[in-house]
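Let's walk through this one by way of its side-chain contacts. Have the model open and follow along.

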Amino acid sequence: ATNALVHAVWPVEATASRRGVALTPLPARPSSDPNREEMERKLSQLLDVQAAGVDRIESIPSPYFWEVIADFEARLASVKNN
């Protein structure tokens, strides 16, 4: 259950929140049909894998970080020269 929260629920909620989508929980329906249970298990596994995927790719450290460092180095060099 904890893995489902960490790898499925939280990333989906974070993505929905970033995109301004309101999520509503689905009501739990009891079912004794073995085919339905197997289908729900497979669906849950697929959703877990998909939700654990990356929503966006950002290089670490970001290009902005390198620009800031270059700016600070240029400022430091100009201070040393004065």
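Arg-41 and Glu-38 sit three residues apart in helix 2, about one turn of the helix (helices are DSSP runs of H or I with at least four residues, strands are runs of E with at least two, and both are numbered from the N terminus). Their side chains meet in a salt bridge, with 2.5 Å from N to O; the term asks for a side-chain nitrogen of Lys or Arg within 4 Å of a carboxyl oxygen of Asp or Glu. Before going further, keep in mind that this is a predicted model, where local features need pLDDT of at least 70 and side-chain atom pairs count only at pLDDT 80 or more, while totals for chains, interfaces and linings use all residues. Residues are numbered from 1 along each chain as its sequence is written, and side-chain values use heavy atoms, with hydrogens and water left out.

Back to Glu-38, which also meets Lys-42 in a salt bridge, this time at 3.9 Å from N to O. Lys-42 and Glu-38 are four residues apart in helix 2, again about one turn of the helix. Put together, Glu-38, Arg-41 and Lys-42 form a network of salt bridges. How covered are these side chains? Glu-38 has 33% relative accessibility, so it counts as partly exposed (buried is under 20% relative accessible area, exposed is over 50%, and partly exposed is in between, with a 1.4 Å probe and protein chains only). Arg-41 is partly exposed at 39%, and Lys-42 is partly exposed at 47%.

The structure holds three salt bridges in total, and helix 3 (residues 63-81) has one of them: Arg-75 and Asp-71 lie there, four residues apart. The closest N and O atoms of this pair are 3.3 Å apart. Asp-71 is partly exposed, at 36% relative accessibility.

Now for the aromatics. There is one aromatic pair. The ring centres of Phe-65 and Trp-66 are 5.5 Å apart and the planes are at 70°, so the pair is edge-to-face (rings of Phe, Tyr and Trp, the last by its six-membered ring, pair with centres within 6.5 Å; planes under 30 degrees apart are stacked, over 60 edge-to-face, and the rest tilted). Phe-65 is partly exposed, with 39% relative accessibility.

Last stop, the loop between helix 1 (2-19) and helix 2 (34-51), where you'll find Val-21. Val-21 is partly exposed, with a relative accessible area of 48%.
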